Amino acid sequence: QSAMLREADLEMALRSAVSSGELELHLQPIMDLATGEFTSAEALVRWHRPGAGMVPPSDFIYVAERSGLIAEIERWVLEAACTTLARWRRLDPQCTTRIAVNVSGHHLLEGNFLADLRYALRSTNADPHLLGIELTETQLLDDVERAITILDTVRSLGVTVAIDDFGTGYSSMAYLHQLPIDTLKIDRQFVAAISDDRFDSGLLD
């Protein structure tokens, strides 16, 4: 009962978080190991809840997914990421730093993701070629045909598509060749012991 009450309280507070300006965009830098340069970033959403401080994503993302609020939050993240890209380009017309945004399967397959994406790009005048979206393979298996159609449209806009945590699903190789993707991000379980495990090393090669 205590857990249920806590979740209900989080959901109620989360419903007003976007309109109240409580969400923050944090960027996790991605470096090129060969050059040491900052080449891109992954967009991370953080919730600064009044009276409670910074709420860990692990505490509110699952609530957002279960309550259906995830699409509203991801819409905010898309617009914030595109606003940042447009600002970088204004400050430096030669800027090619990219930002990747995580998208839930619910938003992609059941929400108005394409409309949200188009609006974010149009309203901010961000370069779509500097924006990427990331999904996990398991999120796409609920409706592969629809996912393919939507991702084809996403890529036609110039936005890149990445599969995150590859290798954690059950049908990875069976569906991989069907999905219109640009980047494959291999799950850490294959990378962590790559220098010690001949199988993992051979698989990645």
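In this predicted model, strand S2 (residues 37-49) pairs with strand S4 (residues 98-102) in the parallel sense, over four bridges. Within this pairing, Glu42 stands opposite Ala100 of S4. S4 is also joined to strand S5 (residues 131-136) by four bridges, and S4 and S5 run parallel. Here Ile99 has Leu131 of S5 opposite.

The structure holds zero disulfides. Cys82 is buried, with a relative accessible area of 0%. Cys95 is buried as well, at a relative accessible area of 11%, because the limit for buried is under 20%.

One aromatic pair is present in the structure. The ring centres of Trp47 and Phe60 lie 5.7 Å apart and the ring planes meet at 80°, so the pair is edge-to-face; the cut-off for that class is over 60 degrees. Trp47 belongs to strand S2 and Phe60 to helix H2 (residues 57-67), so the pair ties together parts that are 13 residues apart in sequence. Trp47 counts as buried at 0% relative accessibility, and Phe60 is buried with a relative accessible area of 0%.

| Residue | Relative accessible area | Class |
|---|---|---|
| Cys82 | 0% | buried |
| Cys95 | 11% | buried |
| Trp47 | 0% | buried |
| Phe60 | 0% | buried |

Notes
Residues are numbered from 1 along each chain as its sequence is written. This is a predicted model: local features need pLDDT of at least 70, side-chain atom pairs count only at pLDDT 80 or more; totals for chains, interfaces and linings use all residues. Side-chain values use heavy atoms; hydrogens and water are left out. Two strands pair if DSSP finds at least two bridges between them. Helices (H or I, at least four residues) and strands (E, at least two) are DSSP runs, numbered from the N terminus. A disulfide is a pair of cysteine sulfur atoms within 2.5 Å. Buried means under 20% relative accessible area, exposed over 50%, partly exposed in between (1.4 Å probe, protein chains only). Rings of Phe, Tyr and Trp (its six-membered ring) pair if their centres lie within 6.5 Å; planes under 30 degrees apart count as stacked, over 60 as edge-to-face and the rest as tilted.
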